[in-house]
Amino acid sequence: MIQKTDYPWGGKVTIKVKADTAVPFRIALRIPRWSRNYKISVNGEPVLADREENGFVCLERSWEEEAEIVLELDIKAFLVKANQKIHYNAGRAAIVRGPLVYCLEEKDNGKYLDQIVVEAGANLTEEMDFEMPGSCVTVKAKGFRETAQSCEDVLYMPYESREEEMTVKAVPYFLWNNRGKGEMQVWMRVR
């Protein structure tokens, strides 16, 4: 077997199989929980799994003739929320795209990241960012920033609700802090 993939930026996995026996055997392909949909083909022809169990799809047949299995996983970005027992993350969500968790950085979103609220129902857009170290897919979302009510040296003040619309940019968590010092946040406020 030879496996190739374009993880983590793409969801395509290619496996070349050639067995030294005509005896049928099962190949199990892992379908991660983050992938909401998947497609499988063998030698360019779409196929259905012979069975699904415990997060795997199984293909059972003779693999004596060389075959190419292609598994295409849905890798679109989406919001996840924490279990209700993690009360510190109540009202917050994180961005996940395929196997990667994303975060906000001060470099892209400005200071005081906790003043940002992401609109939960808005579309997340993905784009390749060649300015990031090593180039990567970044995710953007519609959000709002609470505007400052006073200068930083005042500890308490009357509450006023003022905000401005913004585009929030998220980068893969493993890349944070590669472009200078600044705040980082994974669990964002949502509404």
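**Figure 1. Lining of the second largest pocket in the predicted model.** The residues that line this pocket are Trp34, Arg36, Asp74, Lys76, Ala77, Phe78, Leu124 and Glu126. By class, four of the lining residues are nonpolar and four are charged, while none is polar. The volume of the pocket is about 160 Å³.

**Figure 2. The largest nonpolar core.** This core comprises 20 residues, of which Leu29, Ile40, Leu59, Trp63, Ile69 and Leu71 touch the most other members. At least two core residues come from each of strands E2 (12–17), E3 (25–30), E4 (38–42), E7 (56–61) and E8 (67–73). Strand E8 provides the largest share, with four residues.

**Figure 3. Surroundings of Ile40.** When neighbours within four places in sequence are left aside, Ile40 is in contact with Leu29, Val57, Leu59, Ile69, Val70 and Leu71, as well as with Glu45, Pro46 and Val47.

**Figure 4. The aromatic pair of Trp9 and Phe174.** Three aromatic pairs are found in the whole structure. The pair of Trp9 and Phe174 is tilted, with 6.4 Å from centre to centre and 35 degrees between the planes. Trp9 lies in the loop between strand E1 (2–5) and E2, and Phe174 in the loop between strand E15 (163–172) and strand E16 (184–185); the pair thus links distant parts of the chain, 165 residues apart. Trp9 counts as partly exposed because its relative accessibility is 25%, between the limits of 20% for buried and 50% for exposed.

Technical notes
Residues numbered from 1 in each chain as written. Predicted model: local features only at pLDDT ≥ 70, side-chain atom pairs only at ≥ 80, totals over all residues. Heavy atoms only, no water. Core = buried A, V, L, I, M, F, W, Y, C linked by side-chain atoms within 4.5 Å. Buried < 20%, exposed > 50% of the residue type's maximum accessible area, 1.4 Å probe, protein only. Contact = heavy atoms within 4.5 Å. 1 Å grid on protein atoms, 1.4 Å probe; cavity = no way out; pocket = protein on both sides within 12 Å on 5 of 7 lines; lining within 4 Å. Points joined across faces, edges and corners; volume = space filled by probe spheres on them. Nonpolar A, V, L, I, M, F, W, Y, C, P; charged D, E, K, R; others polar. Phe/Tyr/Trp six-rings, centres within 6.5 Å; stacked < 30°, edge-to-face > 60°.
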